[in-house]
Amino acid sequence: MVDGINPVQSPADLRLERRIFAASHGRDLTPEERETLERIRPPRTYPVRLAVQSYDGPLAMLPVAQLYVRDVPDLSPPEGKDLLQVLWCPFDHPIMPRTLLFWRSAAAVTDILDTPPEPPAVQFDGYLPEPCVLEPEQITEYPDHLELSEELREQLKQWSVPQAAEEDMDPDTYYDCVLSNAPGWKVGGWPAWNSTDPSSQPCSECGTSMEVLMTVATFEEGDDAGNSWSPHPHPGAGPYPGHRGYNATGVQIGSGYRQHLFVCPAEPEHPHIELMT
């Protein structure tokens with residue numbers, strides 16, 4: 001879907017824009033760089049009516065993640081599968097990209113394209129993931145406080161007071177920031193309920209309560225989580241213009257949220273659910 005407000009960009013132009021901003025970090029833009037950036041995003045005078053552009057025929061989807069069970073044992077794939085490939089459409093449907101999950105056998109993937117197909121345009125630059133090498137790390141996290149009983153929440157509140165004081169943090173948010181939901185991209189774990197109350201997600205096929213398969217996050221660490229979830233940045237990784245914090249992938253969900261992918265634990269190939277929080 002093209003909204004008629006945000007001009008679409010080609011993947012090549014978005015990558016060029018990122019390289020220019022990365023290269024000019026700490027200095028002024030050169031005239032050539034400014035000229036290139038103005039070509040990519042021409043200055044506009046408001047109000048303006050933008051024509052809605054449509055694309056006929058199939059639209060190539062963008063790769064989001066490729067995960068192997070040997071690296072991420074908690075994937076719980078269907079029988080005979082050991083590889084998960086996640087793709088998404090580079091346009092809103094309606095408030096985030098629509099994803100497709102492909103469970104495959106790595107041994108059966110033999111015809112590998114040197115240059116995968118790309119869509120002619122991307123609605124938002126945050127929908128074009130930057131290639132990254134994964135270094136999976138297994139961690140322990142706990143449910144959001146909203147999923148706990150009132151009694152347990154009160155116990156946590158009392159326990160958090162001296163703990164938060166040691167790190168100069170708010171005791172009311174200490175548990176959620178430091179122990180509950182790890183920020184960043186992750187497989188499994190618990191959903192974060194930052195913008196909505198907890199809700200059950202039943203499978204549309206069998207009614208089984210669905211579980212989080214994967215979280216696609218805007219940021220790798222939050223502004224108020226102390227050092228408990230700090231990742232180890234790689235040389236040359238982000239941040240990119242318009243993003244706060246560490247963001248190696250260049251992905252932005254909404255105005256800085258997370259996109260949870262829920263799957264059926266009984267049958268992983270049943271239709272999955274997407275939820276932005």
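**Notebook: a predicted chain**

I started with the surface: the accessible area of the chain is about 16,500 Å², and 52% of that belongs to carbon and sulfur atoms. The areas come from the Shrake-Rupley method with a 1.4 Å probe, and for residues only the protein chains shown count as cover.

Ground rules next. This is a predicted model, where local features need pLDDT of at least 70 and side-chain atom pairs count only at pLDDT 80 or more, while totals for chains, interfaces and linings use all residues. Residues are numbered from 1 along each chain as its sequence is written, and side-chain values use heavy atoms, with hydrogens and water left out.

**Overall layout**

I looked up the secondary structure and found four helices and seven strands. Helices (H or I, at least four residues) and strands (E, at least two) are DSSP runs, numbered from the N terminus. Reading from the N terminus, I get α-α-β-β-β-α-α-β-β-β-β.

How much of the chain is buried? Of its 277 residues, 36% are. Buried means under 20% relative accessible area, exposed means over 50%, and partly exposed is in between (1.4 Å probe, protein chains only).

I also checked contacts, meaning heavy atoms within 4.5 Å. Among contacts with a separation of 6 or more, 70% join residues 24 or more positions apart.

**The first helix pair**

Two packed helices are described by the angle between their axes and the distance between the axes. For α1 (residues 11-23) and α2 (residues 31-40), I noted an angle of about 150° and axes 10 Å apart. The axes are lines fitted to C-alpha atoms, for helices over the stretch in contact, and angles run from 0 to 180 degrees between N-to-C directions.

Who makes the contact? From α1 it is Asp13, Leu16, Glu17, Ile20 and Phe21, and from α2 it is Glu33, Thr36, Leu37, Arg39 and Ile40. Sorted by class, that gives five nonpolar, one polar and four charged residues. Here Ala, Val, Leu, Ile, Met, Phe, Trp, Tyr, Cys and Pro count as nonpolar, Asp, Glu, Lys and Arg as charged, and the others, Gly among them, as polar.

**Cysteines**

A disulfide is a covalent bond between the sulfur atoms of two cysteines. I searched the whole structure and got zero; the cut-off is a pair of cysteine sulfur atoms within 2.5 Å.

Cys203 is buried, at 5% relative accessible area, whereas Cys206 is partly exposed, at 41%.

**Pro191**

I found Pro191 in the loop between β4 (186-187) and β5 (211-217). This proline is buried, at 8% relative accessible area. Leaving out residues up to four places away in sequence, Pro191 touches Asp144, Glu147, Asn181, Val212, His260 and Phe262. Pro191 and Asp144 are 47 residues apart in sequence, yet 7.5 Å apart from C-alpha to C-alpha.

The peptide bond from His93 to Pro94 is cis, with omega near -15°. I placed Pro94 in the loop between β2 (83-92) and β3 (97-104).

Ser76 is not a glycine, but has a positive phi of about 55°; its loop runs between β1 (62-68) and β2. Asp168, not a glycine either, has a positive phi of about 55°. I found Asp168 in the loop between α3 (150-166) and α4 (171-180). Is Asp168 buried or exposed? I noted it as exposed, at 73% relative accessibility.
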